[in-house]
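Open the model in a viewer and keep the selection panel at hand. The stops below go from the whole chain to single residues.

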Amino acid sequence: MTVTAPIVVHGLNHAFGKGALRKQILFDIGTEIPQAEIVIVTGPSGSGKTTLLTLVGALRSTQEGSVQVLGQELCGAKPAILEKVRKQIGFIFQQHNLLNALTALQNVELGARVRGKFRHSEITERARQILQAVDLGERMNHHPEQLSGGQRQRVAIARALVGEPAMLLADEPTASLDKQSGREVVERMQSLAREHGTTILLLPMTTAFWTLPTASFTSKMDVFQRSQIQ
Ligand SMILES: Nc1ncnc2c1ncn2[C@@H]1O[C@H](COP(=O)(O)OP(=O)(O)O)[C@@H](O)[C@H]1O
Ligand SMILES: [Mg+2]
């Protein structure tokens, strides 16, 4: 059996809008990302980084080209396939997207529950442990509006990691964190990639990332070189 890379993209084009308003954002993107790699996608604001992340994450439909994620072709895929792929991915967005009606603990539990692979009794324990690991042990029963921006983002990170996803897609995850917390987040992602073979696609923003030696990342690329030219 040949092992396919968890992310294989070929000839990916993407446009927003129709008719005269149509604007192409991604031009013939191609890349292959091996398992357990941390790949940083760089490119200026508006170059389509977030768009690419949502395509790889099966959060929007691929229009043209091939996007294979965790062994599934997403272009033309049925909703059930997209959902199956999404379930194996942990997402961290710039806006934390926590549910305000739930406590920090409940938000993180939800992250483990959607993965559908843990016993009910196991879920709370895992959620507690990971919240302690991101230094929120004392804040578990707080609601998002009772937390600071940095604390909320740490809850979002805990929620993405709690299910030990096969893949982590992070869109500017440290944007609301100070340098030290941002660094801790990146280090946590690195250890996840090492220990669990998690593939990580990261869109950086703050300088927090660059305080780490570049060599500690297995790979660094700019998949947008091509689209910037056009
Ligand atoms: N849902 C959308 N509808 C129309 N245009 C969009 C939409 N999402 C993004 N865009 C446009 O696509 C371009 C790329 O956006 P984005 O992927 O967010 O870039 P980046 O993350 O690199 O800053 C921008 O010009 C943005 O305005
Ligand atoms: Mg973006």
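Two residues are in contact if their C-beta atoms, placed from the backbone, lie within 7 Å. Among contacts in the protein between residues at least 6 apart in sequence, 70% join residues at least 24 apart. The model is predicted: local features need pLDDT of at least 70 and side-chain atom pairs count only at pLDDT 80 or more, while totals for chains, interfaces and linings use all residues. Residues are numbered from 1 along each chain as its sequence is written, and chains are lettered from A and ligands numbered from 1 in the order in which they are written.

**Whole protein.** Colour by secondary structure: there are 7 helices and 9 strands, taken as DSSP runs numbered from the N terminus (helices H or I, at least four residues; strands E, at least two). Then colour by burial, where a residue is buried with 20 or more other C-beta atoms within 10 Å of its own, exposed with 12 or fewer, and partly exposed in between. Of the 230 residues, 34% count as buried.

**Strand β6.** Select residues 89–92. I89 and F91 on one side are buried, as are G90 and I92 on the other, so both faces are covered. Opposite I89 stands M167 of β7.

**Largest nonpolar core.** A nonpolar core is a set of buried Ala, Val, Leu, Ile, Met, Phe, Trp, Tyr and Cys residues joined through C-beta atoms within 7 Å. The largest one has 49 residues, and V56, A158 and L169 touch the most other members. Helix α5 (residues 149–161) supplies the largest share, 6 residues. Centre on V56: leaving aside residues up to four places away in sequence, V56 touches I7, V67, V69, L169 and L201.

**Helices α3 and α5.** Show residues 104–113 (α3) beside α5; the two pack at an angle of about 30°, with their axes 7 Å apart. That makes α3 roughly parallel to α5, because angles under 35 degrees count as such. Axes here are lines fitted to C-alpha atoms over the stretch in contact, with angles running from 0 to 180 degrees between N-to-C directions. A104, N107, V108, L110 and G111 of α3 meet V155, A158, R159 and A160 of α5.

**P79.** Finish in helix α2 (residues 79–86), where P79 lies. Is P79 buried or exposed? P79 is exposed, because 9 other C-beta atoms lie within 10 Å.

Notes. Pairing = 2+ DSSP bridges. Parallel < 35°, antiparallel > 145°, perpendicular 65-115°, else oblique.
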